[in-house]
Amino acid sequence: MQFETERLSIRRMTMDDLAAVYSHRKNPNTSKYIGAPATLESAKERLIQACQPWKGAVDERLILAIVKKPQAQLIGELVFKYVDEEKKVGEIGFRLAEDEIGCGYGYEAAAALIKEAFQSLSVDTIQAICAVENLQSQRLILKLGMRRKTRLKAFLDIGGEKHDVYIYQLNNLSC
């Protein structure tokens, strides 16, 4: 899967992306609400997974590179996975390099992924999961038109601590 926006190219990851992926994954600020900061080895493992052919199985991640044009600089990641095949529900996630946060790239990339998912990936509903404390991501998710559906208690384990999350959803008909 590959697509573009005005300022970004979204493409599959390659092993050449290791330095950039490690750079934003090791940052404690960009990992704060996702998990422990990456080691070089864990970033490499994630990249190997991202480079595998995607079969579209439930809970199998499609991991995409967010690349800023025209510099061809990898600035983050998008993730898509099917979570309920019968109900046609997919889930998205995103992460940006710290220097790129607040520039609109997260919204631009996620909005393009949502559009692509509705058009090409046979989903009727897109959801996103966000830690209750992650106000910045919540603002982005709301800007995407998603609505908060539920709160799951102690759902996310970050560094051995359990965190509540919100689940947001957007239906294809509401776009």
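This is a predicted model: local features need pLDDT of at least 70, side-chain atom pairs count only at pLDDT 80 or more; totals for chains, interfaces and linings use all residues.
Residues are numbered from 1 along each chain as its sequence is written, and side-chain values use heavy atoms, with hydrogens and water left out.

**Ala-65**
- Ala-65 has a relative accessible area of 0% and is therefore buried (buried means under 20%, exposed over 50%, and partly exposed in between, with a 1.4 Å probe and protein chains only).
- Not counting residues up to four places away in sequence, Ala-65 touches Ser-9, Ile-10, Arg-11, Met-13, Asp-17, Leu-74 and Gly-76, where contact means heavy atoms within 4.5 Å.
- Ala-65 and Arg-11 stand 54 residues apart in sequence, yet their C-alpha atoms are 5.3 Å apart in space.

**Gln-138**
- Gln-138 lies in helix H5, residues 135–143, and is buried, because its relative accessible area is 6%.
- Leaving aside neighbours within four places in sequence, Gln-138 is in contact with Cys-130, Ala-131, Val-132, Glu-133, Arg-148, Tyr-166 and Tyr-168.

**Cysteines**
- The structure holds 0 disulfides, a disulfide being a pair of cysteine sulfur atoms within 2.5 Å.
- Cys-103 is in no disulfide, and the nearest cysteine sulfur, that of Cys-130, is 19 Å away.
- Cys-103 is partly exposed, with a relative accessible area of 38%, whereas Cys-130 counts as buried at 4% relative accessibility.

Key. Helices (H or I, at least four residues) and strands (E, at least two) are DSSP runs, numbered from the N terminus.
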